[in-house]
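Please have the sequence and the three-dimensional view open while I talk.

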Amino acid sequence: MNYEIKGGNFPVVICSVEQNETIITEGGGMSWMSPNMKMDTTSNGGIGKMLGRIVTKESMFQNKYTAQGGPGEIAFASSLPGEIMALEIGPGKEYVCQKSSFLASTQGVNLSVFFQKKVGAGFFGGEGFIMQKLNGNGVAFVEIDGSAIKYNLAAGQQIIVDTGHVVLISSTCRMDVQTVKGVKNVLFGGEGLFNTVVSGPGEVILQTMPVPKLAGAIQPYIVTSSN
């Protein structure tokens with residue numbers, strides 16, 4: 001498979017696939033495709049996988065698109081302004097990502113449920129108890145809200161992040177939360193009560209405009225009316 005990401009702040013990934021090659025996406029993920037791409041809706045792993053996708057706010061079923069009779073093309077557009085990032089998945093390159101960030105992947109990539117081990121991180125970290133894990137072999141595409149900022153943390157190195165800005169981390173990283181210190185800071189600092197703490201080793205991808213912050217920024221400009 002070859003791919004190209006276009007569209008600037010409103011991105012789309014256009015995948016060129018060989019005959020009999022398959023691309024997997026969540027229900028409703030396809031934007032456009034060549035006529036020879038055959039769709040097959042599947043549970044892709046049975047009841048357990050289906051339930052796992054429900055709790056991560058993905059579609060219960062996944063769609064497989066396979067090129068028949070020759071090479072094909074299929075495109076997947078981001079649902080919000082931001083970026084689409086391609087991840088090479090393989091041994092030592094496994095990731096844990098935010099719910100609903102998965103866009104599409106080659107057939108060898110496994111998408112499964114990941115549960116936060118730290119109670120505090122699950123309740124207060126902004127990413128929730130339930131995240132998604134990407135492993136196997138292949139290429140996966142994930143959605144980033146706003147722009148993507150990448151850090152490579154050494155073993156024991158940490159970064160403190162406002163809740164909601166962590167979109168994915170290497171499976172070797174650890175997430176926890178810490179309380180903002182100082183009563184004045186909590187009451188008047190505008191940063192909330194908790195921050196997310198990510199510890200290395202591994203990659204950390206941050207997003208500059210999480211959806212809740214985007215919604216909060218435009219809410220004052222939304223005119224509502226009632227009859």
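This is a predicted model: local features need pLDDT of at least 70, side-chain atom pairs count only at pLDDT 80 or more; totals for chains, interfaces and linings use all residues.

Residues are numbered from 1 along each chain as its sequence is written, and side-chain values use heavy atoms, with hydrogens and water left out.

Let me start with the overall picture. The protein has 4 helices and 19 strands. Helices (H or I, at least four residues) and strands (E, at least two) are DSSP runs, numbered from the N terminus. The protein has 227 residues, and 44% of them count as buried. Here, buried means under 20% relative accessible area, exposed means over 50%, and partly exposed lies in between, with a 1.4 Å probe and protein chains only. The accessible surface comes to about 11,700 Å², and carbon and sulfur atoms hold 56% of that area. Such areas come from the Shrake-Rupley method with a 1.4 Å probe; for residues, only the protein chains shown count as cover.

How much of the contacts with a separation of 6 or more comes from residues 24 or more positions apart? The share is 77%. A contact means heavy atoms within 4.5 Å.

Next, please find strand β12, residues 130–136. Of its 7 residues, 5 are buried, so the strand is mostly covered by the cut-off of under 20%. Strand β12 pairs with β9, residues 95–97, in the antiparallel sense over 3 bridges. In that pairing, Y95 stands opposite L134. Two strands pair if DSSP finds at least two bridges between them.

I now come to the charged side chains. Side chains of opposite charge can pair when their charged atoms come close. A salt bridge is a side-chain nitrogen of Lys or Arg within 4 Å of a carboxyl oxygen of Asp or Glu. How many salt bridges does a search of the whole structure find? The search finds 5.

One of them joins E203 to K93, with the closest N and O atoms 2.9 Å apart. This pair links distant parts of the chain: E203 is in strand β19, residues 202–207, and K93 is in the loop between β8 (82–89) and β9, 110 residues apart. Is E203 buried or exposed? E203 counts as buried, at 13% relative accessibility, whereas K93 counts as partly exposed, at 32%.

A second salt bridge is formed by the side chains of K133 and E94, at 3.7 Å from N to O. K133 lies in strand β12 and E94 in the loop between β8 and β9, so the pair ties together parts that are 39 residues apart in sequence. E94 counts as partly exposed, at 25% relative accessibility.

A further salt bridge joins D162 and K213, whose closest N and O atoms are 2.5 Å apart. Here too distant parts of the chain are linked: D162 is in strand β15, residues 158–162, and K213 in helix α4, residues 211–218, 51 residues apart. D162 is buried, with a relative accessible area of 19%, while K213 is partly exposed at 36%.

Let us turn to T66, in strand β6, residues 62–67. T66 is buried, with a relative accessible area of 18%. Its side chain and that of T22 are joined by a polar contact of 2.7 Å. A polar contact is a pair of N or O atoms within 3.5 Å; within protein, one must be able to donate a hydrogen and the other to accept it, and residues adjacent in sequence count only if both atoms are side-chain atoms. Not counting residues up to four places away in sequence, T66 touches N20, E21, T22, N36, M37 and K38.

Finally, consider R174, in strand β17, residues 174–179. R174 is partly exposed, with a relative accessible area of 45%. Leaving aside neighbours within four places in sequence, R174 is in contact with V197, V198 and S199. R174 and P201 are 27 residues apart in sequence and 8.5 Å apart in space, C-alpha to C-alpha.

Thank you for your attention.
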